[in-house]
Amino acid sequence: MLVASESEMVQLGAHLAALLRPGDAVLLEGPLGAGKTVLARSVIRALAGQGEAVPSPTFTLVQTYEVPGAVLWHFDLYRLDDPEEIWELGWEEALAGGIALVEWPQRLGRYRPASALAIRIEPAPGGARRVSAEGGRLAGLWP
Ligand SMILES: Nc1ncnc2c1ncn2[C@@H]1O[C@H](COP(=O)(O)OP(=O)(O)OP(=O)(O)O)[C@@H](O)[C@H]1O
Ligand SMILES: [Mg+2]
């Protein structure tokens, strides 16, 4: 699907938020500046409240949010040097009943969850983004 603008990406995040359940992991793939954090922020605000401050976890690698029925974990693994370091970030707890949004999931190596929902965002001409999604329930993302 073609997402024409940042505001459309925010709308997509609200749709995605409505599909998520505790135990879900969403992998957000795409190059630097693709819009992974824009999408994650929109999901987090849809669930935690629109006033929520959502910094990019570029340096902290993870931020957590209380949302109804779960803790939401927002990971940015760009600076993860070794997949083993994921265990120090609460990965086990995040997967056990949390909602995990993961930027740069390639860094997980063999710990990439097989059952995750995967979303790929690619730049397209004119500030648009091409977004594709894999994983059963994500079919509900497309109108
Ligand atoms: N259609 C669009 N969807 C999303 N973001 C857009 C769009 N058009 C322009 N932008 C801009 O692109 C940038 C996306 O930045 P964002 O931090 O979300 O990228 P990222 O994929 O998380 O990058 P990084 O890998 O560095 O974490 C923002 O500055 C946003 O304003
Ligand atoms: Mg980001």
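1. Two strands pair if DSSP finds at least two bridges between them. In this predicted model, strand β2 (residues 25-29) and strand β6 (residues 117-123) are joined by four bridges and run parallel. Within that pairing, glutamate 29 has arginine 120 of β6 standing opposite.

2. Strand β6 also pairs with strand β7 (residues 129-134); here the direction is antiparallel, and six bridges join the two. Isoleucine 121 stands opposite valine 131 in β7. The hairpin of β6 and β7 has five residues between the strands, and glycine 126 takes a positive phi near 75 degrees there. As a general point for reading these strands, side chains in a regular strand alternate between the two faces of the sheet.

3. On the overall fold, the chain contains three helices and seven strands. Following the sequence, their order is β-α-β-α-β-β-α-β-β-β.

4. On dimensions, the radius of gyration of the chain is 14 Å, which agrees with the value near 15 Å that a compact globule of 143 residues would have. Along the principal axes, the C-alpha atoms fill a box of roughly 40 × 30 × 30 Å. Of the 143 residues in the chain, 45% are buried.

5. Which residues come nearest to ligand 1? They are Glu6, Gly33, Lys36, Thr37 and Trp104, out of 17 residues around the ligand. By class, the shell around ligand 1 divides into seven nonpolar, five polar and five charged residues.

6. Helices α1 (6-19) and α2 (36-48) each supply at least two residues of that shell. The biggest contribution is from α2, which gives three residues to the shell around ligand 1.

7. Taken alone, ligand 1 exposes 650 Å², and the protein buries 73% of that.

8. Is serine 42 buried or exposed? Serine 42 lies in helix α2. Its relative accessibility is 8%, so serine 42 counts as buried, the cut-off being under 20%. A polar atom of the serine 42 side chain lies 3.5 Å from the backbone nitrogen of alanine 14.

9. Glycine 51 is a case at the other end of the accessibility scale: with a relative accessible area of 79%, glycine 51 is exposed, because the class begins over 50%. Glycine 51 lies in the loop between α2 and β3 (62-67). Glycine 51 and glycine 13 are 38 residues apart in sequence, and their C-alpha atoms are 15 Å apart in space.

Key: Residues are numbered from 1 along each chain as its sequence is written. Chains are lettered from A and ligands numbered from 1 in the order in which they are written. This is a predicted model: local features need pLDDT of at least 70, side-chain atom pairs count only at pLDDT 80 or more; totals for chains, interfaces and linings use all residues. Side-chain values use heavy atoms; hydrogens and water are left out. A residue is near a molecule or strand if one of its heavy atoms lies within 4 Å of it. Accessible areas come from the Shrake-Rupley method with a 1.4 Å probe; for residues, only the protein chains shown count as cover. Ala, Val, Leu, Ile, Met, Phe, Trp, Tyr, Cys and Pro count as nonpolar, Asp, Glu, Lys and Arg as charged, and the others, Gly among them, as polar. The radius of gyration is taken over C-alpha atoms; the globule rule is 2.2 Å times the number of residues to the power 0.38. Buried means under 20% relative accessible area, exposed over 50%, partly exposed in between (1.4 Å probe, protein chains only). A polar contact is a pair of N or O atoms within 3.5 Å; within protein, one must be able to donate a hydrogen and the other to accept it, and residues adjacent in sequence count only if both atoms are side-chain atoms.
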